[in-house]
Amino acid sequence: MLSTMQDVPLTVTRILHHGMSIHGKSQVTTWTGESEPHRASFAEIGARATRLAHALRDELGVDGDQRIATLMWNHAAHLEAYLGVPSMGAVLHTLNPRLPVEQLAWIVNHADDKVVLVDGTLLPLLVPLLPHLPCVEHVVVVGPGDRSGLADVTPRVHDYEELIAGRPTTFDWPELDERQAAVMCYTSGTTGEPKGVVYSHRSIYLHSMQVSLPESMGLTDADTTLIVVPQFHVNAWGLPHSAFMTGVNMLMPDRFLQPAPLAEMIERERPTHAAAVPTIWQGLLAEVTANPRDLTSMANVTIGGAACPPSLMEAYDKLGVRLCHAWGMTETSPLGTVSHPPAGLSAEEAWPYRVAQGRFPASVEGRLVGPGGEALPWDGASAGELEVRGPWITASYFGGADGENLRPEDKFSEDGWLKTGDVGVISPDGFLTLTDRAKDVIKSGGEWISSVELENALMAHPDVAEAAVVAVPDERWGERPLATVVLKEGATGTDYAALQAFLAESGVAKWQLPERWSLIAAVPKTSVGKFDKKVIRKQYAEGELEVTHL
Ligand code: AMP
């Protein structure tokens, strides 16, 4: 028997409509670096998103599922593209300006982007690439920047404001199939070619509903969220779409992502929530330690994208800012788990839950798989690779404009679950704790050492700003940990034996203690601000690190 329910497609168009009408007064505030930020209401953003759709269709000839790329930081115009492009049936493709240029060019060509919307300030990155991007027919420049390099380029060049000015603020939006592509985003591609993940209208809609729930981020129109996580990194973790569903005000940092302007915008605009990777919060902590600022408005912060060191969580607790740990991937839209401890626990009892990666929402199923492919129990001790499935988890990677989508064996199980490459345990009450990336685990004498555990323990030392631990070859044990350490400003000298003793005191087993140590100026970071351990491994292999062997 079929249900009696209406079958209304779940589309970004609905999110756009809802936000601009029901929550029309909610605000998007964009940092400008000048005395006043730029402010726009959801009604204004929605109207401009509609004008953009007209411009793309009537002026630039976008009439189907052409890819419209954005090379932009977080701001109001980027949000307009987020809403307007998928609503007209085209596919938004967010580009990461921090990628190596060869990768960026590869991605644009692979996705077959027809239009690039680009921040004026990012033109120096785009212009030299244009001769290598034959698919790009139009470049639309947003905001200030030196446009002189555009004089001789092949694609037609437009100014965003001029392009959308005077166009209608209503649109006869097409009836879309909810399974149609809405947005695409490539994984950062640490090995091999980048892989394109294509989100559907339906997956975005369902994911936004989950983001909006109290068990996830749970924000309302009384909140303002500071979206530090870039809009080019997995749809800024779904916050913009979720905000348009529920009226959450947005504070957008544009390109001002350094600790000092972030601290200033928090103190001045008083967001109640924020979202970013741990390195952002590390940097901000160092900043406010040196130059105190009031961060207390930001009662609730979502931290993820990399493991949150418990010492970081503790430090923010002291500042009145509660970090809430979440896990996800480009492939998972990204929300995979969020760590709200079960109700009724004391602060002490809640702590192990807070530092874990968290629980799966109802729509995400997880399982742990052992080295022989066997299912592992949720006993809090059996460690295996995490596999997930659900309506906002990708089932394949984009195969290119003319190719079939790809389902590499190392990424998907035979029965269709996504192999995350993350290793961890799940407690009987369903809390996931990740111990490592499969490729970062240190395999020493047949036993596994978690690099993340060592890093977390080291970063709790008062003199240590950052620490990254990698596996290095060892004749006797196969692999051993190399600890690379960044000292806090003002810390004098390094006593590796004392750091080793500190690790032992904090509970690290003796056989896991690193004997190789190296002092570095900064931990290399990936394009989305995570520790880039492959760079450290390479530096070690090429003898570029000064290593002390205890
Ligand atoms: P990306 O697709 O670039 O966002 O990277 C996804 C990967 O980031 C995951 O597979 C994890 O290895 C890592 N990651 C994300 N969130 C967390 C977290 N809370 N703790 C540990 N690792 C994380």
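On a 1 Å grid over the protein atoms alone, a cavity is a set of points where a 1.4 Å probe fits but cannot get out, while a pocket is an open set with protein on both sides within 12 Å along at least five of seven lines; lining residues have an atom within 4 Å of a point. Grid points are joined across faces, edges and corners, and a volume is the space filled by probe spheres set on the points. The model you are looking at is predicted, with local features needing pLDDT of at least 70 and side-chain atom pairs pLDDT 80 or more, while totals for chains, interfaces and linings use all residues. Residues are numbered from 1 along each chain as its sequence is written, and side-chain values use heavy atoms, leaving out hydrogens and water.

The structure holds two cavities of 30 Å³ or more. About 130 Å³ is the volume of the largest cavity, and 15 residues line it, with Asn-96, Cys-185, Tyr-186, Thr-187 and Phe-232 closest to its centre. Two elements, strand S4 (91-94) and strand S8 (181-186), each give two or more residues to this lining; helices (H or I, at least four residues) and strands (E, at least two) are DSSP runs, numbered from the N terminus.

The second largest cavity has about 50 Å³ of space. Among the residues lining this second cavity are Tyr-199, His-207, Asn-235 and Ser-333, and helix H7 (residues 201-212) gives the largest share, four residues.

Most residues other than glycine have a negative phi, and most peptide bonds are trans. Asn-235, which is not a glycine, has a positive phi of about 55° and lies in helix H8 (residues 234-237). Asn-235 counts as buried, at 3% relative accessibility (buried means under 20% relative accessible area, exposed over 50%, partly exposed in between, with a 1.4 Å probe and protein chains only). Ser-333 is joined to Pro-334 by a cis peptide bond, with omega about 10°, and Pro-334 sits in the loop between S14 and strand S15 (335-338). Elsewhere, Asp-112 also has a positive phi, about 60°; its place is the loop between helix H4 (101-111) and strand S5 (113-119), and Asp-112 is partly exposed at 33%.

Now turn to the ligand. It is surrounded by 16 residues, the closest being Ala-326, Thr-330, Asp-422, Arg-437 and Lys-530 (a residue is near a molecule if one of its heavy atoms lies within 4 Å of it). An oxygen atom of the ligand lies 2.7 Å from a polar side-chain atom of Thr-330. Nitrogen atoms of the ligand take part too: one is 3.0 Å from a polar backbone atom of Gly-305, and a polar side-chain atom of Gln-357 lies 2.9 Å from a nitrogen. On its own the ligand has 500 Å² of accessible area, of which the protein covers 89% (areas come from the Shrake-Rupley method with a 1.4 Å probe). Strand S14 (322-328) and strand S20 (431-437) each give two or more residues to the shell, and S14 gives the largest share, four residues.

Finally, look at an open space. The second largest pocket has a volume of about 1100 Å³. This pocket is lined by 42 residues, including Gln-282 and Ala-465, which are among those nearest its centre. Helix H11 (278-290) is one of the elements giving two or more residues to the lining, and its nine residues are the largest share.

Notes. Polar contact = N/O pair within 3.5 Å; in protein donor to acceptor, adjacent residues only side chain to side chain.
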